[in-house]
Amino acid sequence: MREVPDFPKPGVVFRDFTPVLTDPDALRAVVDALQDKIDDSTQVIAAIESRGFLLGAALGYGWRYGVVPLRKPGKLPVVADSVSYELEYGTASLELPAGAIQPGQRVVVVDDVLATGGTAEAACALVERAGGIVTGVSVVLEIAALGGRSRLAGREVNALLAV
């Protein structure tokens with residue numbers, strides 16, 4: 001991953017996933033490593049906008065999971081639920097498409113980075129409020145100093161790399 005200082009705001013270091021996406025061998029290695037950590041009972045990937053979509057789609061295709069996109073507001077024609085949360089540089093919201101997660105479905109939440117944990121926590125809340133069972137949270141990179149894992153207490157959290 002590439003580090004981009006002062007993006008999206010001064011003082012924030014953005015972890016850019018693009019170099020992994022552009023290298024076919026690196027992308028395959030990352031997707032395979034994520035799959036190795038996913039609970040065998042998982043049925044659905046809840047992919048967080050936007051880089052989580054790319055990972056979720058690859059996992060869904062490669063291992064036959066359904067993929068549910070968790071979107072930013074205003075992107076879905078029919079919304080089942082919405083959760084707002086805090087980021088290290090502001091606030092945001094995620095929305096769940098109507099009818100996308102069925103009660104009892106076993107769902108892993110996938111994204112590229114775990115920072116403060118607000119996004120992953122919101123994603124888990126959306127899944128659980130729809131009646132889904134969160135089997136874990138899987139990310140490529142965890143920024144451990146920001147303490148995001150603590151917001152996901154009681155959940156299996158897997159990061160391929162922690163810095």
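The questions and answers below go through a predicted model, in which local features need pLDDT of at least 70, side-chain atom pairs count only at pLDDT 80 or more, and totals for chains, interfaces and linings use all residues. Residues are numbered from 1 along each chain as its sequence is written, and side-chain values use heavy atoms, with hydrogens and water left out.

Q: How far apart are the end C-alpha atoms of residues 24-132?
A: Helices (H or I, at least four residues) and strands (E, at least two) are DSSP runs, numbered from the N terminus. Over residues 24-132 the chain is 36% helix and 33% strand, and the distance between the end C-alpha atoms is 33 Å.

Q: Which exposed residues does the face of helix 2 turned away from its buried side carry?
A: Helix 2 runs over residues 24-37, and its buried side holds residues including Val 30 and Leu 34. The face turned away from that side carries the exposed residues Asp 25, Arg 28 and Asp 36.

Q: How far apart are the end C-alpha atoms of helix 3?
A: The expected span of a helix is 1.5 Å times one less than its number of residues. For the 13 residues of helix 3 (residues 51-63) this should be 18 Å, which agrees with the distance between its end C-alpha atoms, 19 Å.

Q: Within what arc do the buried residues of helix 3 fall?
A: An α-helix has 3.6 residues a turn, so residues three or four places apart point the same way. Helix 3 has Gly 52, Leu 55, Gly 56, Leu 59 and Gly 60 buried. Seen down the axis, these buried residues line one face of helix 3, so they fall within an arc of 130 degrees.

Q: Is Arg 64 buried or exposed?
A: Arg 64 lies in the loop between helix 3 and strand 4 (66-70), and has a positive phi of about 60 degrees although it is not a glycine. At 77% relative accessibility, Arg 64 counts as exposed.

Q: What is the relative accessible area of Asp 6?
A: Asp 6 lies in the loop between strand 1 and strand 2, and it too is not a glycine although its phi is positive, at about 60 degrees. Asp 6 is partly exposed, and its relative accessible area is 49%.

Q: What is the omega of the peptide bond from Glu 49 to Ser 50?
A: Ser 50 lies in the loop between strand 3 and helix 3. The peptide bond from Glu 49 to Ser 50 is cis, with omega near -5 degrees.

Q: How far apart in space are Ile 48 and Arg 71?
A: Ile 48 has its place in strand 3 (residues 44-48), and at 1% relative accessibility it counts as buried. Ile 48 and Arg 71 are 23 residues apart in sequence, while in space, C-alpha to C-alpha, they are apart by 6.8 Å.

Key. Buried < 20%, exposed > 50% of the residue type's maximum accessible area, 1.4 Å probe, protein only. Arc of directions from axis to C-beta.
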